[in-house]
Amino acid sequence: MRLNAARHVATLNHRGAQRGAGGVLPPTGAGFLGVQLARKHSAPLRPRGGVALRAATVSGAAAAPRVAVNGAPNEETRPPSADATASGSVAPTPTPEQQKSASAYIWERNWVPVCPLSSLVPSAPTPVVLLGQPLVVWRHSVRGWVVMRDVCPHRLAPLSEGRLEAGGTRLACSYHGWEFSEEGQCTRVPQLASNPRASATACASKRSCVTSFPTLELDGILFAWLDASEEGLQAARMAPKPRLQEAPVAVISPDWVINEMPADYPFWLEQSMDPTHANFLHDGVGGFVTANAMPLEGAHVKQVDLLRGFSWEHGAYEHTSKDAKGSREFQPPFITRVTYAYPTGSHFQLWIMSVPVRPGVTRSFFKAGYNPAPPSLPQGPQQTQQPVAGATPAAAAPAAQPADGNGNGHATAQAPAPSAAPASQQDGDGNGDGSRADVGRQVGVGGQRQASGRLRGFGKVPGRAPKVPAPHWRGPAPLEHLLFDQDALMLSRQDVLMRRGGLTARNYYLNSKADGGVAAMHVWLRQAGYPDSLWGGKPVVQYGTTYSGWPAQELSLEQILSRQERHVRHCTVCQRGLRQVTALCTALTAVAGLAAMVAATLAVMAVVKPAGALAAVGGWWGVAGGAVVAAALALVAVKGWWYREEKFISGAAQWRRRGGYALRGTKAK
């Protein structure tokens, strides 16, 4: 495996030193546990475009070496203590040990969601920016998807502007034609083609390599492990897969919906733990009505774990949905999984992923589904992680010795309960919208075929999933609704207000059980040391062009509600849909124009030569009919262009027409 390891390790060690880790780079997975290396070979994990990575083999009863983990190098972990309690409305200040572990949190040592597979183009490279890093995604014709740094080592040009060569097995830079394998190895320097010895020397040099990262395809998402150092690769071999769809469901949203949103990462994590905003922020949209809101009963989050997150159980927030129980599981640092269980046995599920792009911009993934049979509810920090598919389970770790006040070998903290909530736990029975949608009525009966129903924000729910799902730009997907618009505008304005005022989450006044999930999320953010542990407390270069100038400059309504900026430029499905709809609208416009010309010509002929012309077209009724047809075609063409504007270009006109924040007819300024 060849890659520019020395330069990459030096860069990450420098970042680790800035974080107070002394250059130590402890790995983490998606909720990564401190486990030992497998005693047998694990199943191959395709890194850096396809080369199989295997865990080291441990023979006999020799102790397996351990890798440093986020939170405390070379320490074992165990589930949080069961007797932890929560109190207070403001999260406690992390201890010095917790602050130290947060400073060492390596965000790159997680399976980072990159793109839905359906949003990628196999025939061309795709640029992506995640965690402040410019990346290029391309498909190797044999070994599958590859994620590399988007920079050619020759003259530092973007490889995403390049093309695929050698039958799709090489990525070529368009500037000077240098070619690279899926491992990042330089394979051709055209300028040295006449000197084979010099060419071989140049291609063998580490300076000619591009950093390539391990990848994972799961549930229609391409994930990447953005640490290609030797220790990082070892951590990738051991890391469990993210837990997404664990039981068969009839998917309601045809595919993952991806957006890049103009608000900082913590705001979107908050939103995933805030069901009660729906009936107020989205009043009159997607079936939400303020008059239907009721106080939410939520259980206290007893324990927040830096590596394994937490789970929050809560009750109903709508009078019409009192019989469901909701659970929100946060898998650090990107995934929130939401499950709603109904007495009938049916379950509604949401999967929400939020990934920092740069300060002020977050890449958001969303998917929804339902199941007539009850899957196992998430267990939060106490749940045992599953190994990578096909991997041999790791050797059992010895019992952890208490390493902090909570009896864990890594940083944990109690999540605060809102100050107005009583100390006793109340699971309640309830429902939630996962920050995007909610079940308007029960959509199935356990053990029987799923009945039709209606899902807030999605419209009618079919009794069974279609064999060939339609693209998400067709039908009532969230993109066409004001739900995302309202979220984006509210959170970006909140971001501006807090930045200008120097405010933080410590200025929040959280005083009800409905705030329990948000409070717990900020406990985790402090444990992880965000934003300093990710951005290093220094300005981050703005790679990419999404929301140019933001957050230094406030965005206009048109910029925030731009469909192009937020979604279409990141989704090949909608890019293809835009081309199709544009072609159809152009054809309709041409036909409508031709029909108008014919109708006008007939009208003129009828006036000039009334006898012969009128007889030829069936009299004045024929002329009038032609005019009506031309007008109808023109109306269809206008509606087509309007549809194109609202689906693919901008939601500003729709926002103003519908009243924005459910103002019901008033004009938004």
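In this predicted model, the side chains of Ser533 and Trp107 meet in a polar contact of 2.8 Å. Ser533 sits in helix α9, which spans residues 532–535. Both partners are tucked away from solvent: Ser533 has a relative accessible area of 1% and is buried, and Trp107 is buried too, at 0%.

Trp107 also takes part in the aromatic side of the picture. The model holds eleven aromatic pairs. One of them joins Trp107 to Tyr265 in an edge-to-face arrangement, with 5.6 Å centre to centre and 80 degrees between the planes. Since Trp107 belongs to the loop between α2 (96–103) and β1 (112–116), while Tyr265 belongs to helix α5 (residues 265–272), this pair ties together parts that are 158 residues apart in sequence. Tyr265, with a relative accessible area of 0%, is buried.

Next comes the pair formed by Phe330 and Trp524, again edge-to-face, with 5.2 Å between centres and planes set at 80 degrees. Here a strand meets a helix: Phe330 comes from β16 (residues 325–331) and Trp524 from α8 (residues 516–528), so the contact ties together parts that are 194 residues apart in sequence. As for burial, Phe330 comes in at 0% relative accessibility and counts as buried; Trp524 is likewise buried, with a relative accessible area of 0%.

These two pairs turn up in one cluster. Ring pairs link Trp107, Tyr265, Phe330 and Trp524 with Tyr105, Phe310 and Tyr530.

How values were computed:
Residues are numbered from 1 along each chain as its sequence is written. This is a predicted model: local features need pLDDT of at least 70, side-chain atom pairs count only at pLDDT 80 or more; totals for chains, interfaces and linings use all residues. Side-chain values use heavy atoms; hydrogens and water are left out. Helices (H or I, at least four residues) and strands (E, at least two) are DSSP runs, numbered from the N terminus. Buried means under 20% relative accessible area, exposed over 50%, partly exposed in between (1.4 Å probe, protein chains only). A polar contact is a pair of N or O atoms within 3.5 Å; within protein, one must be able to donate a hydrogen and the other to accept it, and residues adjacent in sequence count only if both atoms are side-chain atoms. Rings of Phe, Tyr and Trp (its six-membered ring) pair if their centres lie within 6.5 Å; planes under 30 degrees apart count as stacked, over 60 as edge-to-face and the rest as tilted.
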